[in-house]
Amino acid sequence: MTILQSLYPWLKAGHVIFVIFWMAGLFMLPRYFVYHQEAESGSAEEARWVDREAKLRKIILTPSMILTWVFGVLTALALGAFSEGWLHAKLLFVIALSGYHGWLVAYAKKLARGERSLTGRKLRMLNEVPGLAAVVIVILVVVKPF
């Protein structure tokens, strides 16, 4: 048994914990954007939303994404799962979620500069992206259809 295999339960626990934190942040940030855009431009309220968004990104969202990847790769190595089709599909969705994360970070920076290119309705719709991805990812991991 390798050291990764002996650490498997801890790696899996770490992966699940940081996935939960990352997903929470992916759900929260677009909602923050809606409230931010509803605040008057140049107001103290808008400045508070900029600060909240930055803290969410820097303290929770980005560190959780990084640790999700670290624990996920180590867990897959411990399982020897890199030849499994379900893992390839899962990785595709996790890469897409990572891209969505990057887009959210970029949009937060645009909002901080006063650029409001999306409507509240579009932001509310974008808020569904991580939920849909989570459904597919959980099915792939639990059911392992291929």
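Over the ring of which residue does the charged end of arginine 52 sit? In this predicted model, the charged end of arginine 52 is placed over the ring of tryptophan 49, at 4.3 Å from the ring centre. Among the elements, helix H5 (residues 120-126) has the lowest confidence, with a mean of 92, whereas H3 has the highest, at 98.

Tryptophan 49 also takes part in one of the 6 aromatic pairs that the structure holds. Its partner is tyrosine 35, and the two rings adopt a tilted arrangement, with 5.5 Å from centre to centre and 35 degrees between the planes. The pair joins distant parts of the chain, since tyrosine 35 belongs to helix H2 and tryptophan 49 to helix H3, with 14 residues separating them. The two partners can also be described by their accessibility: tryptophan 49, with a relative accessible area of 11%, is buried, while tyrosine 35, with a relative accessible area of 35%, is partly exposed. Tryptophan 49 counts as buried because its relative accessible area of 11% falls under the 20% cut-off.

Further ring contacts are found elsewhere in the chain. Phe18, Phe21 and Phe71 are linked into a cluster by ring pairs, and lysine 144 lies over the face of tryptophan 86, 4.8 Å from the centre of the ring.

The largest nonpolar core comprises 23 residues, of which Trp22, Leu26, Phe33 and Leu97 touch the most other members. Two or more residues are contributed to this core by each of helix H2 (8-38), helix H3 (44-79), helix H4 (85-112) and helix H6 (129-143). In soluble globular proteins, nonpolar side chains tend to be buried together. The surroundings of leucine 97 can be given residue by residue: when neighbours within four places in sequence are left aside, leucine 97 is in contact with Trp22, Met23 and Leu26, as well as with Pro130, Ala133 and Ile137.

Although glycine 42 and alanine 112 are 70 residues apart in sequence, their C-alpha atoms are 10 Å apart in space.

Notes:
Residues are numbered from 1 along each chain as its sequence is written. This is a predicted model: local features need pLDDT of at least 70, side-chain atom pairs count only at pLDDT 80 or more; totals for chains, interfaces and linings use all residues. Side-chain values use heavy atoms; hydrogens and water are left out. A nonpolar core is a set of buried Ala, Val, Leu, Ile, Met, Phe, Trp, Tyr and Cys residues joined through side-chain atoms within 4.5 Å. Buried means under 20% relative accessible area, exposed over 50%, partly exposed in between (1.4 Å probe, protein chains only). Helices (H or I, at least four residues) and strands (E, at least two) are DSSP runs, numbered from the N terminus. Contact means heavy atoms within 4.5 Å. pLDDT is the predictor's confidence in each residue, from 0 to 100. Rings of Phe, Tyr and Trp (its six-membered ring) pair if their centres lie within 6.5 Å; planes under 30 degrees apart count as stacked, over 60 as edge-to-face and the rest as tilted. A charge sits over a ring if NZ of Lys or CZ of Arg is within 6 Å of the ring centre and within 35 degrees of the ring normal.
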